Amino acid sequence: MAEPVNNFPPLPKFVRLKPCFYQNFEGEIPIEHRGLVIKIYRVWIFYCITLVVNLIACLAWWIGGGNGVNFGLAFLWLIVFSPCSYICWFRPLYKAFRSDSSFNFMAFFFIIGAQFVLAAIQAIGISGWGACGWIAAITFFGTNVGAAVIMLFPAIMFTLSAIVMAFCLIKVHKLYRGGGGSFQKAQDEWHTGTWKNPPTREAQYNNFSGNSLPEYPTVPNYPSPPQWP
């Protein structure tokens, strides 16, 4: 079989940089969990859009009489947190469902938990932190109403991001525990080194040779999650 070619992020042809990851929901994620993984991928996209809106709001904040430091930090958060959130918590989730990797499940739980705390702090909106949250927006109404109204948009979006991230953490954790996952399995993967390059479902199937199917399925039969509201 041909080696899969990296296709994410999708870059225009005139850009000389090449995609860093291979992402194929239909080919690599079990069908019973594909919808959940795609929806969490959209949560990541929504958070990136929130960072863009926050940058625009911080510019309005600065023009309206605020501190320019917030705009600089908002730009930093955009270029740092957009790729890092994909690499640090969505990618582990993708690999966890792709190959039943307990280590990647644990990485997702810990990192998205930290991301939830960060999004909650950004929603609060402490001045000087580069985030247009509730405190920053409401207190700025006395200085510039127009800018304050614009600042309300990222405050709402950061709040929604924090809520949905918490929901994702709880939902995936229940799914993982319901399938028999544990911290011990993650430790075993760490000690054996299989977490570095866990085989995909297709690789496990292709490497199998015999007259009957393997005794155990390549991916545990996690209980099907309820419909996402």
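Ala147 counts as buried, because its relative accessibility is 6%, where buried means under 20% relative accessible area, exposed over 50% and partly exposed in between, computed with a 1.4 Å probe on protein chains only. The structure in view is a predicted model, in which local features need pLDDT of at least 70 and side-chain atom pairs count only at pLDDT 80 or more, while totals for chains, interfaces and linings use all residues. Residues are numbered from 1 along each chain as its sequence is written, and side-chain values use heavy atoms, with hydrogens and water left out.

Ala147 belongs to helix 6, where helices (H or I, at least four residues) and strands (E, at least two) are DSSP runs numbered from the N terminus. If neighbours within four places in sequence are left aside, Ala147 is in contact with Ala60, Trp61 and Phe140, contact meaning heavy atoms within 4.5 Å. The C-alpha atoms of Ala147 and Trp62 are separated by 8.8 Å, although these two residues stand 85 residues apart along the chain.

Between Leu160 and Val43 the C-alpha to C-alpha distance is 9.8 Å, with 117 residues separating them in sequence.

Of the 229 residues in the chain, buried residues make up 38%. Among contacts between residues at least 6 apart in sequence, 69% join residues at least 24 apart.

The segment before helix 1 (25–28) contains Pro9, and the peptide bond that joins Phe8 and Pro9 is cis, with omega about 0°. Asn24 has its place in the segment before helix 1 too, and Asn24 counts as partly exposed because its relative accessibility is 23%. Not counting residues up to four places away in sequence, Asn24 touches Ile29 and Tyr94, while Asn24 and Pro4, 20 residues apart in sequence, are 9.7 Å apart in space, C-alpha to C-alpha.

Helix 2 is followed by Gly65, whose phi is positive, near 120°.

Helix 3 (residues 68–99) and helix 4 (residues 102–124) have axes that come within 8 Å and cross at roughly 150°, where axes are lines fitted to C-alpha atoms, for helices over the stretch in contact, and angles run from 0 to 180 degrees between N-to-C directions. The crossing of helix 3 with helix 4 is left-handed, a term that applies if the near helix is turned anticlockwise from the far one by less than a right angle, whereas clockwise gives right-handed. Residues that make the contact include Trp77, Phe81 and Trp89 of helix 3 and Phe105, Ile111 and Gln115 of helix 4. The residues of this contact divide into 14 nonpolar, 4 polar and 1 charged, with Ala, Val, Leu, Ile, Met, Phe, Trp, Tyr, Cys and Pro counted as nonpolar, Asp, Glu, Lys and Arg as charged, and the others, Gly among them, as polar.

The cysteines come last. A disulfide is taken as a pair of cysteine sulfur atoms within 2.5 Å, and by this rule the count comes to 0 disulfides. Cys132 is in no disulfide, and the nearest cysteine sulfur, that of Cys58, is 3.5 Å away. Cys132 is buried, with a relative accessible area of 0%, and for Cys168, also buried, the relative accessible area is 0%.
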